[in-house]
Amino acid sequence: MNPSLSIYDNLGGAETVRKLVEAFYPKVQADPLLGPLFPEDITPVMEKQYMFLSQFFGGPSLYSDAFGHPMMRARHLPFPVTPERAEAWLACMSAALEEIGVEKQLCDFVLQRLSGPAFHFVNTTEE
Ligand code: HEM
């Protein structure tokens with residue numbers, strides 16, 4: 001990991017962010033806490049996540065260019081995001097990072113950066 005580069009560049013750019021999203025959503029869909037929240041056709045969600053993570057990681061601002069201000073917490077309000085679901089989301093992300101072969105130090109850094117938003121999106125303690 002090169003600390004003077006963005007996460008996006010450390011990962012290797014668009015191709016790796018795409019691979020990460022493709023490894024992540026099958027895990028989300030298979031997760032008993034997360035799967036039921038998502039639509040059967042996951043493709044549009046994957047595309048939005050690709051756009052969002054690209055900019056969150058310091059790459060091109062694809063999501064904001066298409067949809068305006070992310071307001072990510074607000075966009076999650078229709079869904080019951082519990083602390084357990086935040087943990088499950090991060091666990092799926094951890095497994096996806098490992099699956100695509102991201103080195104440990106970079107994995108840990110990415111997860112640390114995502115855990116802030118994940119717990120910030122918690123909006124209920126009930127399922
Ligand atoms: C904390 C646990 C989380 C849960 C349970 C969760 C769940 C969901 C659900 C159910 C959707 C809507 C899918 C649909 O369109 O029907 C969604 C959309 C999305 N989530 Fe999450 N999410 C979590 C955390 C995160 C985090 C940490 C990020 C990124 C930092 C994120 C980024 C997104 C994006 C970009 C979308 C698409 C938003 C849009 O419609 O434009 N989510 N999430």
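The legends below accompany close-up views of a predicted model.

**View 1**
Leaving aside residues up to four places away in sequence, Phe24 touches Cys92, Met93 and Ala96. In soluble globular proteins, nonpolar side chains tend to be buried together.

**View 2. The shell of residues around the ligand.**
The ligand is surrounded by 22 residues, of which Leu37, Phe52, Ala86, Trp89 and Ala118 are the closest. At least two residues of this shell come from each of α3, α5 (72–76), α6 and α7, and α3 gives the most, with 5 residues. Sorted by class, the shell holds 17 nonpolar, 2 polar and 3 charged residues.

**View 3. Helix α3, its buried residues and its end.**

**View 4. Helix α6 and its buried face.**
With 17 residues, α6 reaches 24 Å from its first C-alpha to its last, close to the 24 Å expected at 1.5 Å a residue. The buried residues in this helix are Arg85, Trp89, Cys92, Met93, Ala96 and Leu97. Seen down the axis of α6, these buried residues fall within an arc of 135 degrees, so they line one face of the helix. An α-helix has 3.6 residues a turn, so residues three or four places apart point the same way. What covers the buried residues of α6 includes α2 and α7. Just after α6, Gly101 takes a positive phi of about 85 degrees.

**View 5. Proline 39 in the loop between α2 and α3.**
Pro39 lies in the loop that joins α2 and α3, and this residue is exposed because 9 other C-beta atoms lie within 10 Å, where exposure requires 12 or fewer. The C-alpha atoms of Pro39 and Gln29, which are 10 residues apart along the chain, are separated by 9.1 Å.

**View 6. Leucine 5 in the segment before α1.**
Leu5 is placed in the segment before α1 and counts as exposed, because 11 C-beta neighbours are found inside 10 Å. Although Leu5 and Gly58 are 53 residues apart in sequence, they are 9.1 Å apart in space, C-alpha to C-alpha.

**View 7. Methionine 71 in the loop between α4 and α5.**
Met71 has its place in the loop between α4 and α5, where this residue has a positive phi of about 40 degrees although it is not a glycine. With 10 other C-beta atoms within 10 Å, Met71 is exposed.

Methods. Residues numbered from 1 in each chain as written. Predicted model: local features only at pLDDT ≥ 70, side-chain atom pairs only at ≥ 80, totals over all residues. Contact = placed C-beta atoms within 7 Å. Near = placed C-beta within 6 Å. Helix = DSSP H or I, 4+ residues; strand = E, 2+ residues; numbered from the N terminus. Nonpolar A, V, L, I, M, F, W, Y, C, P; charged D, E, K, R; others polar. Buried ≥ 20, exposed ≤ 12 C-beta atoms within 10 Å, placed from the backbone. Expected span 1.5 Å × (residues − 1). Arc of directions from axis to C-beta.
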